[in-house]
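Here is a short briefing on one protein chain. Please keep the sequence and the 3D view open while reading.

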Amino acid sequence: MDRQHGSEHEPEHRSEHVPAVTCYRHPDRETGIRCTRCDRPICPDCMISASVGYQCPQCVRGGSGTGHKPGANRPRTLAGGAVAGDTWLVTKILLGINLAVFVAVLAVGRPLTDELLLFGRATTEAYGPLEGVAEGQWYRLLTSAFAHQEFWHVGMNMLALWVLGPQLEAALGRGRYLALYLLSAVGGSVLAYVVSDPQQASLGASGAIYGLFGAMAVLVRRLRYDMRPILILLAVNLIFTFTVASISWQAHVGGLVVGAVIAYAMVHAPRERRALVQWGACGAVLALEVVALVVRTAVLIG
């Protein structure tokens, strides 16, 4: 029966204070949603979709209760990596390492630079012993990618890392992003080692940075964004690469190719075999780099 309005027996409406319900992880946020497992209040940032309703992060970590393994419902990046609260962490660490090595090179000078440089086979001092990658100093392939001598060089590379890095770190996840960066750095060093004169020395993070350029181009195309800005930026950088005599074009091209290949595998891997394809691609690229190193070393020593 419909309720009659205006009845003399109708009680008066009173204003009462109802305590606000706040998220158990964020006490400053009011919410009307509760975890379907523990019934604790959760805000939108803490809500994780379950087969029925939403669950809180603590219940998901302990097991979803739906037959899935713990973490099955956690949000993932485009490439399947775990979503991190700080999408700048790896980028900031890489920036810190590059800048720390730069300061060390300025302080110590040539002795440290000679230890970090990339070159195939040469002497670093008169009548000194042969050194270089061909002499077993493979660490130079990576140390040279963190070393700079000029302010403009480290400044340009770190600016590019600051702009491109966080976007790729957010899209790929920390582990995949770090793998992309390091393999691109080594890829640039390997091509320089294979193609350049064995006495030609080089250093700088440009191989890794060009790997980020290649990866960003792949990511932009995958997301169907406007490709023109990244293509114009890449074209301008390639013009400088092939017109300035002091630039190692080998490191740039090697890093660019490796970065693009790995990024393609990262963002286009089928969901059901995503990890296998992604890490398999990283392993295949690393194997090719090792093969190129072994062959070039055999040529130089033989």
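The points below go from the overall fold to single residues.

This is a predicted model. The protein has 10 helices and 4 strands. Buried residues make up 42% of its 302 residues.

**Overall architecture**

- From the N terminus on, the order of elements is β-β-β-β-α-α-α-α-α-α-α-α-α-α.
- Among contacts with a separation of 6 or more, 62% are between residues 24 or more positions apart.
- The accessible surface of the protein is about 17,200 Å². Carbon and sulfur atoms account for 60% of that surface.

**Aromatic pairs**

- The structure holds 5 aromatic pairs. Two of them are described here, one formed by Phe102 and Phe151 and one by Tyr210 and Phe213.
- Phe102 and Phe151 pair edge-to-face. Their centres are 5.1 Å apart, and the angle between the planes is 85°.
- Phe102 belongs to helix 2 (residues 89–108) and Phe151 to helix 5, so this pair ties together parts that are 49 residues apart in sequence.
- Phe102 counts as buried because its relative accessibility is 6%, under the 20% limit. Phe151 is exposed because its relative accessible area of 61% is over 50%.
- Tyr210 and Phe213 also pair edge-to-face. Here the distance is 5.5 Å centre to centre, with 65° between the planes.
- Both Tyr210 and Phe213 sit in helix 7 (residues 206–222). They are 3 residues apart, about one turn of the helix.
- Tyr210 and Phe213 are both buried.

**Thr297 in helix 10**

- Thr297 is part of helix 10, which spans residues 274–301.
- Its relative accessibility is 12%, under the 20% limit, so Thr297 counts as buried.
- The Thr297 side chain reaches the backbone oxygen of Leu293 at 2.7 Å.
- Beyond its neighbours within four places in sequence, Thr297 contacts Ala134, Trp138 and Tyr193.

**Thr124 in a loop**

- Thr124 lies in the loop between helix 3 (110–116) and helix 4 (140–143).
- Thr124 is buried because its relative accessible area of 17% is under 20%.
- The side chains of Thr124 and Glu131 are joined by a polar contact of 2.9 Å.
- Not counting residues up to four places away in sequence, Thr124 touches Arg110, Asp114, Phe119 and Glu131.

**Surface and N-terminal segment**

- Trp88, Leu159, Trp162 and Val163 make a nonpolar surface patch of about 390 Å².
- Leu159, one of these patch residues, is found in helix 5 (residues 151–172).
- Leu159 is exposed because its relative accessible area of 55% is over 50%.
- Glu30 lies in the segment before strand 1 (33–34).
- At 64% relative accessibility, over the 50% limit, Glu30 counts as exposed.
- Glu30 and Cys43 are 13 residues apart in sequence. Their C-alpha atoms are 7.2 Å apart in space.

Note on methods: Residues are numbered from 1 along each chain as its sequence is written. This is a predicted model: local features need pLDDT of at least 70, side-chain atom pairs count only at pLDDT 80 or more; totals for chains, interfaces and linings use all residues. Side-chain values use heavy atoms; hydrogens and water are left out. Helices (H or I, at least four residues) and strands (E, at least two) are DSSP runs, numbered from the N terminus. Buried means under 20% relative accessible area, exposed over 50%, partly exposed in between (1.4 Å probe, protein chains only). A polar contact is a pair of N or O atoms within 3.5 Å; within protein, one must be able to donate a hydrogen and the other to accept it, and residues adjacent in sequence count only if both atoms are side-chain atoms. Contact means heavy atoms within 4.5 Å. Patches are made of residues with over 30% relative accessible area and no salt bridge: like charges are joined within 9 Å, nonpolar side chains (Val, Leu, Ile, Met, Phe, Trp, Tyr) within 5 Å. Accessible areas come from the Shrake-Rupley method with a 1.4 Å probe; for residues, only the protein chains shown count as cover. A salt bridge is a side-chain nitrogen of Lys or Arg within 4 Å of a carboxyl oxygen of Asp or Glu. Rings of Phe, Tyr and Trp (its six-membered ring) pair if their centres lie within 6.5 Å; planes under 30 degrees apart count as stacked, over 60 as edge-to-face and the rest as tilted.
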